[in-house]
Amino acid sequence: MDFEDIPNEWFCPITQELMKDPVIGSDGFSYERKAITEWLTKSAVSPVTREIMEHKNLIPNLALRHTITQYLENHEIKGPVKKNSENKSEVKPIKNKKKGI
C-alpha cells in the first residue's frame, strides 16, 4: 500500500522509517529518538548536514509526533511505514508472533 502524500519530513533521515518518537537535534532536524541517540554515541557529526552538532541534547518534537499519530489513526495504518527504493512510502505488514496466525 502506497501513501505518496506522506511528507518526507515525517521520515527519519537515518532509518527512512516514519517516526514514532521524533526528537529535534541541535542541527534543527527531526530524527527517531533511538536512531539519533545511537548515532550520537558514535559520531558528533549531523547525519543530514555533515557538520559538527553543537550539543547532544534532544528535544521531543511533540507536534510532529501528534501529527503523525493522527494521520496513522485517520488512515487506519497499523504497520510500520518505510520509504521504498523509489522514495515512495509503503506500509509493511505487521507479523503476528503467535504460531498459526
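In which sense do S1 and S3 pair, and over how many bridges? S1 and S3 pair in the antiparallel sense, over two bridges. The views below come from a predicted model, in which local features need pLDDT of at least 70, side-chain atom pairs count only at pLDDT 80 or more, and totals for chains, interfaces and linings use all residues. Residues are numbered from 1 along each chain as its sequence is written, and side-chain values use heavy atoms, with hydrogens and water left out.

**View 1. Overview of the protein chain.** The protein chain contains two helices and five strands, in the sequence pattern β-β-α-β-α-β-β. Helices (H or I, at least four residues) and strands (E, at least two) are DSSP runs, numbered from the N terminus. Of the 101 residues, 31% count as buried; buried means under 20% relative accessible area, exposed over 50%, and partly exposed in between (1.4 Å probe, protein chains only). The chain exposes about 7100 Å², of which carbon and sulfur atoms supply 52%; accessible areas come from the Shrake-Rupley method with a 1.4 Å probe, and for residues only the protein chains shown count as cover. Among contacts (heavy atoms within 4.5 Å) between residues at least 6 apart in sequence, 46% join residues at least 24 apart.

**View 2. The sheet of S2, S1 and S3.** Three strands form an open antiparallel sheet in the order S2-S1-S3. S2 and S3 (59-60) are the edge strands, each pairing on one side only. Two strands pair if DSSP finds at least two bridges between them. Val-23 stands opposite Pro-60 of S3.

**View 3. Helix H1 against the strands.** H1 lies across S1, S2 and S3 and runs at about 95° to S2; axes are lines fitted to C-alpha atoms, for helices over the stretch in contact, and angles run from 0 to 180 degrees between N-to-C directions. In H1 (residues 33-42), the buried residues are Ala-35, Ile-36 and Leu-40. They lie on the same side of H1 because they cover an arc of only 125° around the axis, the arc being that of the directions from the helix axis to the C-beta atoms. Strand S1 (22-24) and strand S2 (30-32) are included in what covers these buried residues. Lys-34, Thr-41 and Lys-42 are exposed on the other side of H1.

**View 4. Surroundings of Ser-30.** Ser-30 lies in strand S2 and counts as buried because its relative accessibility is 16%. Its side chain is joined to that of Asn-61 by a polar contact of 2.8 Å. A polar contact is a pair of N or O atoms within 3.5 Å; within protein, one must be able to donate a hydrogen and the other to accept it, and residues adjacent in sequence count only if both atoms are side-chain atoms. Leaving aside residues up to four places away in sequence, Ser-30 touches Pro-13, Met-19, Val-23, Ile-24, Asn-61 and Leu-64.

View 5. Thr-15 is placed in the segment before S1 and is partly exposed at 27% relative accessibility. Its side chain reaches the backbone nitrogen of Glu-17 at 3.2 Å. Thr-15 and Lys-82 are 67 residues apart in sequence but 8.3 Å apart in space, C-alpha to C-alpha. Gln-16, in the segment before S1, has a positive phi of about 65° although it is not a glycine.
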